[in-house]
Amino acid sequence: MTEPMLWKMLLGLILLGALGYATAAWSAVLRAKSSGTPAVASWSYPGRETARLLVRQRTASPGADTMLSRIGVVLLPMAAMMAILVIPLGTNAITDLSVGVVWFNAMEVLAWAAVWMVGWGSNSVWGLVGANRFLAQGLAYELPHMFALITAGVGAGSLRVSDIADHQGHLWFAVYMPVAFVVFLLSGLAFSFSPPFAQAFGADIAGGAAAQLSGVDRLLLRTGRYLLLAAAAAMSVPLFLGGGAGPLFPGWVWMLLKTLAVLAVLVGAGHRLPGVRMERFTEISWLVLLPLTIVQALAVSIFVLLGWM
Amino acid sequence: MLEGVIFGICALGAVVAGITVFRVDSMARATFALLASFLFAAVPILLLGLSYLGILVVLMMVMEMLIMAVFMVMYMMNPAGLMPMKMVHNNKASIGIAVAVFVMLAAGVLLTPWPAAVTAAKTAAATTAMGTDADPTLALGMDLMGPHMLVMIVIGMVLFATMVAVVVLATDRGRYERFGDDLRRRSPDDPVRGGLGR
């Protein structure tokens with residue numbers, strides 16, 4: 001591994017961390033606003049929460065599968081960190097794989113394993129119920145999500161993320177393929193189990209997959225969730241919003257601005273919308289979103305054949 | 001050299017993880033040991049330059065094994081696979097079967113006339129015929145099913161039809177249960193309400 005690569009990786013992780021912090025802080029601000037408490041203190045809430053969880057002791061339940069549970073909580077933030085390796089910041093990705101879109105998908109699917117390991121490992125009914133809920137949700141969102149990713153790849157004729165971003169010189173893919181864009185955002189919320197897709201961690205099952213977590217384990221899980229959401233928002237920019245393209249500022253500034261805007265929309269939507277239960281979402285996903293994304297892929301394929309994009 | 005080291009580590013890792021499947025006492029751990037074995041096996045595919053296939057193996061295996069974990073826990077007889085349990089049964093016969101399969105596969109590795117020099121030429125021929133640069137994924141696809149593409153497509157359709165048929169046969173609720181004997185019910189009578197408000 002070369003020296004500049006290491007620096008790029010470090011920078012990428014710092015930026016991802018900052019975006020994750022912003023996500024956590026923004027949702028805290030929205031919560032404070034809706035409960036009528038002053039929102040200023042919420043900007044430091046993730047920091048204070050981190051400190052609180054760091055000094056807190058781990059709880060241990062009898063018969064817990066500690067090994068799987070620990071692997072799970074570490075795997076979750078790692079999945080987000082590995083997913084961003086292929087996202088170009090302006091023109092520069094940490095490693096611009098020729099199959100970057102597939103890489104992102106594979107890394108984000110690791111969340112399935114992570115959440116199930118955590119839920120199972122806690123040896124608690126609620127943990128297992130939450131874990132299985134997340135897999136059911138995964139089966140619901142994953143196919144439309146894959147079609148959304150493929151559609152962007154078809155539009156650019158490449159699975160390399162920077163190629164897809166460069167291909168949107170004249171018009172953003174969000175305009176060419178609005179269905180794929182919306183489905184990608186929805187599944188971004190779903191795979192990071194953020195509201196409104198947070199039923200796997202719902203209050204109705206005592207915190208679900210995270211029911212037994214405390215201390216640093218809970219910190220890692222929550223960090224992983226915010227990092228995953230940030231990674232989803234960052235990925236939506238090169239796929240659908242023209243990447244770093246924009247007037248006046250250099251590419252990386254636009255990339256960050258667009259990512260922050262997408263994050264604000266996602267967190268805001270999660271804050272406003274009622275929770276979506278996975279069995280409801282499954283029917284919507286398979287009967288509405290899946291046909292729509294297939295038709296969208298067909299339309300984009302025809303655009304490409306006609307030479308319109 | 002580096003490739004050799006990585007291959008060695010992954011080969012060893014895959015075998016060790018495979019053995020672990022039968023040494024652990026929990027359905028979940030066995031599942032994840034098997035998943036680890038598959039992930040180790042994906043790395044040699046990446047080493048061959050088949051990046052698309054290698055990463056696809058990672059993606060598919062993670063999804064598949066997680067669904068499998070749920071089903072394995074669900075279908076175990078004693079308290080639902082939730083308790084510690086032995087991962088081996090029918091020991092003597094399975095040792096015999098395992099040895100026979102291993103010998104067969106190992107013999108296949110040694111006896112197959114691997115096209116050492118031919119592969120490069122074929123790859124070049126296949127890729128120039130398709131008018132792209134040397135893409136190993138394409139070359140592999142041409143090699144595996146070039147002349148049999150129609151057969152493969154038909155098999156794919158048959159497999160898909162089989163899956164649909166099996167699901168239809170396995171479910172105990174058909175359209176008559178959902179929409180009534182004369183199929184006149186406006187909204188289906190389902191035990192769990194879906195999201196479309198029907």
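1. Partly exposed here means a relative accessible area between the buried limit (under 20%) and the exposed one (over 50%). Asp204(A) has 45%, so it counts as partly exposed. Bear in mind that this is a predicted model.

2. What does Asp204(A) pair with? Its salt-bridge partner is Arg277(A), with the closest N and O atoms 3.8 Å apart.

3. Over in chain B, have a look at Arg178(B) and Asp190(B), whose side chains meet in a salt bridge at 2.9 Å, N to O. Arg178(B) lies in helix 8 (residues 175-179) and Asp190(B) in the segment after that helix, so the bridge ties together parts that are twelve residues apart in sequence. Arg178(B) is partly exposed at 23%, and Asp190(B) gets the label with 26%.

4. Is Arg184(B) buried or exposed? Its relative accessibility is 66%, so it counts as exposed. Its side chain meets that of Asp182(B) in a salt bridge, 4.0 Å from N to O. Asp182(B), at 49%, is partly exposed.

5. Back to chain A for one more thing: salt bridges with shared partners join Arg133(A), Asp204(A), Arg277(A) and Glu279(A) into one network. For the overall tally, the structure holds twelve salt bridges over all chains.

Definitions and conventions: Residues numbered from 1 in each chain as written. Chains lettered and ligands numbered in written order. Predicted model: local features only at pLDDT ≥ 70, side-chain atom pairs only at ≥ 80, totals over all residues. Heavy atoms only, no water. Buried < 20%, exposed > 50% of the residue type's maximum accessible area, 1.4 Å probe, protein only. Helix = DSSP H or I, 4+ residues; strand = E, 2+ residues; numbered from the N terminus.
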